[in-house]
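Here is a briefing on one protein chain, for a reader who works with coordinates. Take a look at the model, then read the points below.

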Amino acid sequence: MAHSSKPPADFLTVDPDHHRIFLNVHLQPGAKSSAVTGLHGDALKIRISAPAVDNKANAALVTYLSKLLGVAISKIHIRSGLRSRRKRLEIVDAPDLAIAQLRAAIADLPDPAP
């Protein structure tokens, strides 16, 4: 049986009683393209093509996650880290499909090199 070296999904906290999820993100603004690229400690690492000026990277992050997860932009809130690469997001009324999409985004990435 093969054992994956990927760490557990500590970047994601599910609150089923209140129909929301919390997501730790390490944001890399100014990238060539927007994509989930892996884990950075206990955060999901996401590259965003928008620059980190005038809140553009934060807006692009919310838009990217909205499209990735199939959730309305109005349901995604940055709770901490507005001026930091490290962010804590809350997604309200998150369907189970959104949680599955997040887990799949990590599962589809190649294992990091040793």
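Helix α2 has 12 residues and reaches 17 Å from its first C-alpha to its last. That is close to the 16 Å expected at 1.5 Å a residue. The model is predicted.

**Helix α2**

- The buried residues of α2 are Ala98, Ile99, Leu102, Ala105 and Ile106.
- These residues sit on the same side of α2, because they cover an arc of only 120° around the axis.
- Asp96 and Leu97 are exposed, on the face of α2 turned away from its buried side.

**Overall fold**

- The protein chain has 2 helices and 6 strands.
- Along the sequence, the pattern reads β-β-β-β-α-β-β-α.
- Of the 114 residues in the protein chain, 34% are buried.
- Take the contacts with a separation of 6 or more: residues 24 or more positions apart account for 47% of them.
- The protein chain exposes about 6,900 Å². Carbon and sulfur atoms supply 53% of that area.

**Asn58 in helix α1**

- Asn58 lies in helix α1, which spans residues 56-69.
- Is Asn58 buried or exposed? Asn58 counts as buried because its relative accessible area is 6%, under the 20% cut-off.
- Beyond its neighbours within four places in sequence, Asn58 is in contact with Leu27, Ile78, Leu82 and Lys87.

**Salt bridges: the count**

- How many salt bridges does a search of the whole structure find? The search finds 5.
- Side chains of opposite charge can pair when their charged atoms come close.

**Salt bridge Glu90 and Arg20**

- The side chains of Glu90 and Arg20 meet in a salt bridge, at 3.1 Å from N to O.
- The pair links distant parts of the chain, 70 residues apart. Glu90 is in strand β6 (residues 86-92), and Arg20 is in strand β2 (residues 20-28).
- Glu90 is buried, with a relative accessible area of 6%.
- Arg20 is partly exposed, at 25% relative accessibility.

**Salt bridge Arg86 and Asp42**

- Arg86 forms a salt bridge with Asp42, and their closest N and O atoms are 2.7 Å apart.
- Arg86 lies in strand β6, while Asp42 lies in the loop between β3 (35-40) and β4 (43-47), so the pair ties together parts that are 44 residues apart in sequence.
- Arg86 is partly exposed, with a relative accessible area of 37%.
- Asp42 is partly exposed too, with a relative accessible area of 34%.

**Salt bridge Lys75 and Asp93**

- The side chains of Lys75 and Asp93 meet in a salt bridge, at 2.9 Å from N to O.
- The pair links distant parts of the chain, 18 residues apart. Lys75 is in the loop between α1 and β5 (76-80), and Asp93 is in the loop between β6 and α2 (96-107).
- Lys75 counts as partly exposed, at 28% relative accessibility.
- Asp93 counts as partly exposed, at 48% relative accessibility.

Key:
Residues are numbered from 1 along each chain as its sequence is written. This is a predicted model: local features need pLDDT of at least 70, side-chain atom pairs count only at pLDDT 80 or more; totals for chains, interfaces and linings use all residues. Side-chain values use heavy atoms; hydrogens and water are left out. Helices (H or I, at least four residues) and strands (E, at least two) are DSSP runs, numbered from the N terminus. Buried means under 20% relative accessible area, exposed over 50%, partly exposed in between (1.4 Å probe, protein chains only). Contact means heavy atoms within 4.5 Å. A salt bridge is a side-chain nitrogen of Lys or Arg within 4 Å of a carboxyl oxygen of Asp or Glu. Accessible areas come from the Shrake-Rupley method with a 1.4 Å probe; for residues, only the protein chains shown count as cover. The expected span of a helix is 1.5 Å times one less than its number of residues. The arc is that of the directions from the helix axis to the C-beta atoms.
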